[in-house]
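Keep the viewer open while you read.

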2 protein chains.
Amino acid sequence: MEEMRDRKIVVAVDESEESMYALSWCLSNLNVHDPNTTLVLLYVKPPPPAYSSLDATGFLFPDELLATMEKYSKKLVDSVMHKAEAIYRDFGVAVKVEKKVGRGDAKDVICATVNKLGVDILVMGTHGYGFFKRALLGSVSEYCSKHVKCPVLVVKHPKNK
Amino acid sequence: MEEMRDRKIVVAVDESEESMYALSWCLSNLNVHDPNTTLVLLYVKPPPPAYSSLDATGFLFPDELLATMEKYSKKLVDSVMHKAEAIYRDFGVAVKVEKKVGRGDAKDVICATVNKLGVDILVMGTHGYGFFKRALLGSVSEYCSKHVKCPVLVVKHPKNK
């Protein structure tokens, strides 16, 4: 009775425990082992430091610092994706997974990606924000619920209940 | 690999097409035919007319009018539940369904019921509001996302995309 068409589930992942919990919840509850389902892990890197705010002080980030930050940011992506992999491998069921890394304001990138991909459901945690102190994810999930075309599932971490 | 524990999915239903669409979406995507899953249809009747606002004008609703409204409200519940039944019967798969009717402010009743029942997921449409012009459901779904302990799935009707 299940439809046999392809299904895309996007999980917005970041450094937070909340987003990893959302991924686990999704694995246990959303029929992800269906061969027609692809799980897309979407990580959004924060934008590089804004130069405009630096004009005022006359201060410029040295190239070296920018390079170090970029390197750190790459390591962060790897670390998040590895954590995510561990979770879906532990789940014990073969899942078709795609990884996507965007850059920019998390809420805008998530909405744009989800709408472009023609996604069936967007899964997000709440209150996840990482080392870069990105905009409060509480409001990111609210923003995405409004601006995304597909159903949005917001999963709360038990510790935030 | 699926967990065998009981699962409760609450779908907030009302007169709106949006909520019926959310119910259909849920039937196609959330594994509701699992024998351990119960689908709870929750309808919230608006509170009876507020007497406090009538004090100012000195106007009182005649009992007859109140009785008529109550009768109409009961018919509305039946009509919504019948529409919902038609949808899950059409789906062609046996689903364990419970129906619950609450009364009061939709957002408060939904949150209280969901938290009391120990629900696994709350499914809601957006922008549903019925003949009684209840508070905008857009904000009801936002409110519930914040105040409910379980994951919340907000399903947009394609016409609102």
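Which of the residues of chain B comes closest to the rotation axis? That would be Leu153(B), whose C-alpha sits 2.1 Å from the axis. Bear in mind that this is a predicted model.

## How the two copies relate

Take chain B, rotate it by 180° with 0.0 Å of shift along the axis, and it superposes on chain A with an RMSD of 0.0 Å. The two copies are thus related as by a two-fold rotation axis.

The interface tells a matching story. Of the interface residues of chain B, 100% are also interface residues in chain A, so the copies meet through the same surface.

## Chain A at a glance

Chain A is built from five helices and five strands. Read from the N terminus on, its elements go β-α-β-α-α-β-α-β-α-β. If you look at contacts in chain A with a separation of 6 or more, 79% of them are between residues 24 or more positions apart.

As for burial, 49% of the 161 residues of chain A count as buried. Chain A exposes about 8,100 Å², and 57% of that comes from carbon and sulfur atoms.

## The cysteines

How many disulfides does the structure hold over all chains? The count is zero. For background, a disulfide is a covalent bond between the sulfur atoms of two cysteines.

Is Cys26(A) buried or exposed? Cys26(A) has a relative accessibility of 0%, so it counts as buried, the cut-off being under 20%. Over in the other copy, Cys26(B) is buried too, with a relative accessible area of 0%.

## Helix 3 of chain B

Now for helix 3 of chain B, which covers residues 63–90. Beyond the helix comes Gly92(B), which has a positive phi, near 85°.

Which residues of this helix are buried? They are Ser73(B), Leu76(B), Val77(B), Val80(B), Met81(B), Ala84(B), Glu85(B) and Tyr88(B). And what covers them? The cover includes strand 1 (7–13), helix 1 (17–29), strand 2 (37–45) and strand 3 (96–103), which belong to chain B as well.

Notes. Residues numbered from 1 in each chain as written. Chains lettered and ligands numbered in written order. Predicted model: local features only at pLDDT ≥ 70, side-chain atom pairs only at ≥ 80, totals over all residues. Heavy atoms only, no water. Helix = DSSP H or I, 4+ residues; strand = E, 2+ residues; numbered from the N terminus. Buried < 20%, exposed > 50% of the residue type's maximum accessible area, 1.4 Å probe, protein only. Contact = heavy atoms within 4.5 Å. Areas by Shrake-Rupley, 256 points an atom, 1.4 Å probe, with all protein chains shown as cover. Disulfide = S-S within 2.5 Å. Least-squares fit on C-alpha atoms with pLDDT ≥ 70 in both. Expected span 1.5 Å × (residues − 1).
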